[in-house]
Amino acid sequence: MLQEIYQPNPHYASTAAIKNMDEYHALMNKAKEDYEGFWGDYAKEKIDWFKPFDTVLNESEAPFYKWFEGGQLNVAHQCIDRHLLTRKNKAAIIFEGDNGDQQVLTYRELAYEVNRTANMFKNQFGITKGDRVVLYMPMIPEAAISMLACAKIGAIHSVVFGGFSAEALRDRIIDAEAKLVVTSDGAYRKGNPYMLKPVVDEALSKGCECVQAVCVVERNGEEIHWEPGRDYAYNELVKNESPKCAAEPMESEDPLFLLYTSGSTGKPKGVQHSSAGYILWAQMTMEWVFDLKENDTYWCTADVGWITGHTYIVYGPLAAGATTVMFEGVPTFPDAGRCWRMVEEYQVNQFYTAPTAIRLLHKTGQDEPKKYDLSSLRVLGTVGEPIDPAAWKWYYEEIGGSKCAIVDTYWQTETGGHMISPLPGATPIKPACATFALPGIIAEVIDEEGNPAPIGEKGFMCITKPWPSMIRTIWGDPERFVKSYFGDCKKDGKPVYFTGDGAMIDEEGYITITGRTDDVINVSGHRMGTAEVEAAIKKHSNVAAVAVVGKPHPIKGEGIFAYIVLKSEESLAEEIELTKEINNIIKKEIGAIALCDDIVFVPDLPKTRSGKIMRRILRSIVKNEEITQDTSTLEDPSIVGKIESIVKSCRL
């Protein structure tokens with residue numbers, strides 16, 4: 001573990017949004033002394049309101065909190081229209097395709113495109129305020145344009161990651177009751193075209209009666225099936241629409257989007273975010289955590305199918321008036337210098353990526369950064385999972401030239417934006433440590449009784465006061481919302497938001513995230529519910545029982561490891577074929593991101609006499625740890641040794 005503390009670069013700190021720890025503590029104290037005043041002042045300062053709010057926070061129906069009631073705004077107006085007086089000719093989006101295509105949209109051009117698309121949604125497809133629109137898109141400008149077009153007219157978008165299967169897409173369409181699906185013929189990956197429209201066709205062939213139309217963006221020009229009366233060409237329709245469109249006035253608590261995230265109980269959860277609270281925090285964290293300046297070029301390598309792409313590619317940067325880079329490709333194509341070549345070409349000032357990508361780039365292109373001028377970089381960010389010290393050191397020294405702050409950001413789909421992160425001009429950084437909660441965020445590590453966890457001991461990572469960008473509910477399932485986030489931890493006898501993560505706090509107050517406490521696996525920074533993967537595996541006709549756990553992985557952080565009990569024994573050759581069949585089912589049901597790295601076939605699983613599978617034991621076996629759990633209460637204590645032997649033989 002790296003023990004050094006890295007002080008902020010004084011040259012950058014002098015002009016940072018928050019310049020030192022004194023300023024940080026002053027903001028934290030202000031929030032603690034006058035919580036509603038703190039948030040109310042920032043809401044008045046940052047948001048261009050159509051109608052001012054009259055109530056900062058309504059806690060009368062907690063945990064269904066309401067922020068900035070009485071206020072009206074429009075998020076697309078906040079991200080685009082209000083900038084046209086001062087930034088109309090500034091680059092809003094810089095797009096680079098996998099195949100080298102490049103496109104720059106100024107704020108004025110983006111406004112025209114969003115307005116045309118918004119008018120198309122209204123005029124051609126009858127989309128109105130409150131309707132749901134599913135976007136199944138690659139990383140192209142039309143993905144961001146479609147999101148913003150929905151916001152402009154008050155429609156609720158739900159972006160589904162383009163790597164998800166037809167089954168996963170269908171489930172999300174049905175749950176959201178979407179009227180319109182916007183997709184692309186396909187896109188490019190590693191120099192080759194891949195297809196998205198056929199996945200939509202398959203999803204809709206299995207019962208999505210709510211969908212009235214499919215709008216298809218042309219990207220790779222490959223031949224696709226067109227369903228008469230249902231499928232429409234985006235590129236043909238949009239050019240006939242007016243570039244003017246009035247922004248729909250939205251109440252502060254009107255939903256902006258749904259984003260489905262894996263849970264520990266199988267069915268994905270439709271996380272619902274509001275308009276005002278979400279966009280306020282998206283903008284504030286862009287300004288604080290990335291220390292944006294007017295002429296900066298900012299690049300987040302995520303996909304819009306995940307929350308990071310929502311908040312830190314589209315909404316946050318544009319609300320802050322920044323120039324944001326959208327990248328269609330992968331970091332290692334055509335070689336491991338792709339990212340650094342783009343940093344040099346676009347003079348990127350803030351670079352935000354996942355530890356998985358950092359580890360991959362370090363492994364496959366350790367010497368590539370030396371070939372490029374990376375001197376424009378000022379802030380380096382990481383997201384999705386804790387970064388390990390070795391990757392942190394390489395990132396800091398080789399990419400940042402030992403001068404850039406590394407902001408190791410901790411947050412979730414449900415939080416809307418960063419919760420815990422260093423501030424580049426203020427925070428002395430301990431590598432691989434999330435550091436401190438951001439101003440206004442009351443984050444505490446507590447034990448089961450709600451008391452502060454002892455220094456250096458694991459506790460539950462909780463946010464003990466509501467904040468503006470928090471999840472409002474799970475779409476269509478308020479009971480699950482309460483149970484999922486407010487059912488496990490209490491403080492002063494009242495339920496508080498539990499992140500599902502464990503954490504430790506040291507003697508100086510630094511917070512380190514220790515990982516999930518529930519059955520969720522973090523694969524390349526993306527949460528996969530074990531129950532969802534297990535449900536897919538159980539669809540194989542020869543699977544009697546299955547337990548899925550996370551396994552440490554040098555690149556992805558965690559891989560998926562499955563223990564499977566078969567209905568009938570198979571030979572080794574048949575087991576190899578079974579493994580392929582099971583992964584094919586997972587790919588079909590969920591997508592390639594959920595494929596198992598390891599599958600072992602075992603005679604039984606460690607279960608209590610009541611039938612509960614002891615996954616903690618299975619996790620210990622995967623990690624080759626000593627079994628410290630009490631096995632005497634198991635239905636068959638001897639099964640643990642049998643499973644250990646099987647896993648060890650597989651390692652050999």
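Which residue follows α13, and is its phi positive or negative? The residue after α13 is Gln 347, and its phi is positive, near 50 degrees. This, like everything below, is read from a predicted model. Most residues other than glycine have a negative phi, and most peptide bonds are trans. Lys 190 sits in the loop between β9 (186-189) and β10 (192-195), and because its relative accessibility is 46%, it counts as partly exposed. Asp 492, again not a glycine, has a positive phi of about 55 degrees and lies in the loop between β24 (490-491) and β25; with a relative accessible area of 73%, Asp 492 is exposed.

Ala 62 and Pro 63 are joined by a cis peptide bond with an omega of about 10 degrees, and Pro 63 belongs to the loop between β1 (55-58) and β2 (66-69). The bond from Phe 333 to Pro 334 is cis too, with omega near 0 degrees, and Pro 334 is placed in the loop between β17 (323-327) and α13.

An α-helix has 3.6 residues a turn, so residues three or four places apart point the same way. Helix α15 (residues 389-399) has as its buried residues Ala 391, Trp 392, Trp 394, Tyr 395, Tyr 396 and Ile 399. These buried residues of α15 are covered by elements that include α13 (338-346), β18 (350-353), α14 (355-364), β19 (379-382) and β20 (405-408). Just after α15 comes Gly 401, which takes a positive phi of about 60 degrees.

In soluble globular proteins, nonpolar side chains tend to be buried together. Here the largest nonpolar core holds 125 residues, and the members that touch the most others are Trp 39, Phe 68, Leu 110, Phe 121, Tyr 315 and Ile 441. Helix α11 (residues 276-289) gives the largest share of this core, ten residues. Tyr 315 shows how such a member is surrounded: leaving out residues up to four places away in sequence, Tyr 315 touches, among others, Val 75, Met 147, Leu 148, Leu 256, Phe 257, Tyr 278, Ile 279 and His 310. A second, separate core has 44 residues, including Val 134, Tyr 136, Ile 564 and Ile 590.

Strands of a sheet pair through backbone hydrogen bonds, either parallel or antiparallel. In this model, eight strands form an open sheet with mixed pairing, in the order β12-β11-β8-β6-β7-β14-β15-β23. Its edge strands, each of which pairs on one side only, are β12 (231-233) and β23 (473-474). Strand β15 (residues 269-274) and β23 run antiparallel and are joined by two bridges, and Val 271 stands opposite Ile 474 in β23.

Where does Asp 175 lie, and is it buried or exposed? Asp 175 is part of helix α8 (residues 166-176), and it counts as buried because its relative accessibility of 19% falls under the 20% cut-off. Apart from neighbours within four places in sequence, Asp 175 is in contact with Tyr 260, Lys 267 and Trp 475.

Finally, there are the spaces in the model. The second largest pocket contains about 380 Å³ of space. Its lining is made of 18 residues, and those nearest its centre are Tyr 65, Thr 464, Lys 494, Pro 495 and Val 496. The elements that give two or more residues to this lining are α16 (478-486) and β25 (494-495). By class, the lining of the second largest pocket divides into eleven nonpolar residues, one polar and six charged.

As for cavities, a search of the whole structure finds four of 30 Å³ or more, and the largest cavity holds about 50 Å³ of space. Among the residues that line the largest cavity are Asn 9, Tyr 12, Asp 291, Arg 378, Lys 403 and Pro 424; its lining divides into six nonpolar, two polar and three charged residues.

Conventions. Residues numbered from 1 in each chain as written. Predicted model: local features only at pLDDT ≥ 70, side-chain atom pairs only at ≥ 80, totals over all residues. Heavy atoms only, no water. Helix = DSSP H or I, 4+ residues; strand = E, 2+ residues; numbered from the N terminus. Buried < 20%, exposed > 50% of the residue type's maximum accessible area, 1.4 Å probe, protein only. Contact = heavy atoms within 4.5 Å. 1 Å grid on protein atoms, 1.4 Å probe; cavity = no way out; pocket = protein on both sides within 12 Å on 5 of 7 lines; lining within 4 Å. Points joined across faces, edges and corners; volume = space filled by probe spheres on them. Nonpolar A, V, L, I, M, F, W, Y, C, P; charged D, E, K, R; others polar. Core = buried A, V, L, I, M, F, W, Y, C linked by side-chain atoms within 4.5 Å. Pairing = 2+ DSSP bridges.
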